[in-house]
Every structure is written in structure tokens, then in C-alpha cells.
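Q: Before we go through the features one at a time, please show me the sequence and the structure.

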Amino acid sequence: MPEKLKGKQVVIIVAHEFEDIELLYPVLRLSEEGASILVVAVNEGLHTRPYLSDKPVTGRFGHPVPIPVMSEGNRYRMISLKDIRAEQIDGIIFPGGYSPDALRLHKDTLELVRECHRRGKLLAAICHGPWILISAGIMKGKRATGYVAVRDDLVNAGAEYIDKPMVRDGNIVTGRVPDDLPEFCQGIIEALTS
């Protein structure tokens, strides 16, 4: 098994209504390359019916975190946002769906993004995920992609929107949609190994 990412720690942050496959595919693909994956569930955002105060953070298609079909500790570990230190990780990934709409308002998430950006750490976002990078104020002068609905937001934030499966600009990797996950993850792997 290849281990291009052995020794790398990658954090994936989600809130309610994340795009399920945009969490699951990177967990599998990057752990396959030897990365240590830390999943953070921020209990914010839209909440699917029925509303339950103790409902775990759940994706649009019903996958909760922790991920019940994968043993925690094998391909990923759960961690709290307050336990993450920018200097101890190699990058952060933001899946799309409706999760980014909540995370772009989450003060601690935005502070972590800004600190990781200052340190040159990988920041990867797919689909609606670039909203978080926009709200963190780091997209001016950057080239990026995302779901077509965030194109105007990227442009208004001073970024150049490029309609490609994956765009890398320095430490920032963006992807368009779930179909583009292979290119998105390849961009992440390249950014973490170059």
C-alpha cells in the first residue's frame, strides 16, 4: 500500500448536513496514503427532521459522525475543535453540503483557518466549502473553484473562479462537486507532498 502521506495529520471539519461522500471519500483516500485523519463534528447548522437535541452531526444523506460503518481509530479518529493546534496539523478539509453555511459563521473555525493560512498549512474545500475560506478573508487574489452557486461569492471576495474539477493556489486546494473528488484528493496529496 502506498504511503505518500505517512506522518501527515489532516483534519476534516463538518457541521450538520455536510455532503456525505465529501467526508467519506477523503477519509478513505487519504488514509490509504498513510495520513492520520482527525474528524471534527461541530454541532451547528441546519438540523434534519426530527429535531433531537442530542442528535449527532449528520450528513445530508444520513451518515452521522462518528462514522458507524468505519471503526474509529482505524482510518480516522474523532477530535474536538478546541483540541486542534495549527502547529500540530498539516491541513484542514471542508466538505460541502449545507455544513459550510454554519461553519462560515463559527468563530473558532474561522480563527483556525486564519492561523493555518498564516502558517502555510493546507486548506482544502470542495463544493460549498469555499464559503468558509471566503468568510475567513483569505481568498482575495486567489484562483479557486467550487460549486457554481459559490462562483459569485468567490469573485466578490476577490478570487478568480476557474471552472475545473480542482484548482490549487499555493496552500489552498478547491474542488467543484462530488464527481471531482478524485482530482480534489489528488490535489491535496500533491499539496501535502510538495
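Q: What radius of gyration would a compact globule of 194 residues have, and what does the chain have?
A: The radius of gyration is taken over C-alpha atoms, and the globule rule is 2.2 Å times the number of residues to the power 0.38. For 194 residues the rule gives a value near 16 Å, and the chain has 15 Å, so the two agree. Along the principal axes, the C-alpha atoms fill a box of roughly 40 × 40 × 30 Å.

Q: What should I know about the source of the coordinates?
A: This is a predicted model, in which local features need pLDDT of at least 70 and side-chain atom pairs count only at pLDDT 80 or more, while totals for chains, interfaces and linings use all residues. Residues are numbered from 1 along each chain as its sequence is written, and side-chain values use heavy atoms, with hydrogens and water left out.

Q: How many helices and strands does the chain have?
A: Helices (H or I, at least four residues) and strands (E, at least two) are DSSP runs, numbered from the N terminus. Here the chain has six helices and nine strands.

Q: What share of the residues counts as buried?
A: Buried means under 20% relative accessible area, exposed over 50%, and partly exposed in between, with a 1.4 Å probe and protein chains only. Of the 194 residues, 51% are buried.

Q: What share of the contacts joins residues at least 24 apart?
A: A contact means heavy atoms within 4.5 Å. Among contacts between residues at least 6 apart in sequence, 70% join residues at least 24 apart.

Q: Where does Ser 135 lie, and which residues does Ser 135 touch?
A: Ser 135 belongs to helix α4, residues 130-135. Its relative accessibility is 24%, so Ser 135 counts as partly exposed. Leaving out residues up to four places away in sequence, Ser 135 touches Arg 104, Leu 110 and Arg 114. Leu 46 is 89 residues from Ser 135 along the chain, and their C-alpha atoms are separated by 18 Å.

Q: How many disulfides does a search of the whole structure find?
A: A disulfide is a pair of cysteine sulfur atoms within 2.5 Å. The search finds zero. Cys 116 is in no disulfide, and the nearest cysteine sulfur, that of Cys 185, is 18 Å away. For Cys 185, the closest cysteine sulfur is that of Cys 127, at 14 Å, which is too far for a bond.

Q: Are Cys 116 and Cys 185 buried or exposed?
A: Cys 116 is buried, because its relative accessible area is 0%. Cys 185 is buried too, with a relative accessible area of 1%.
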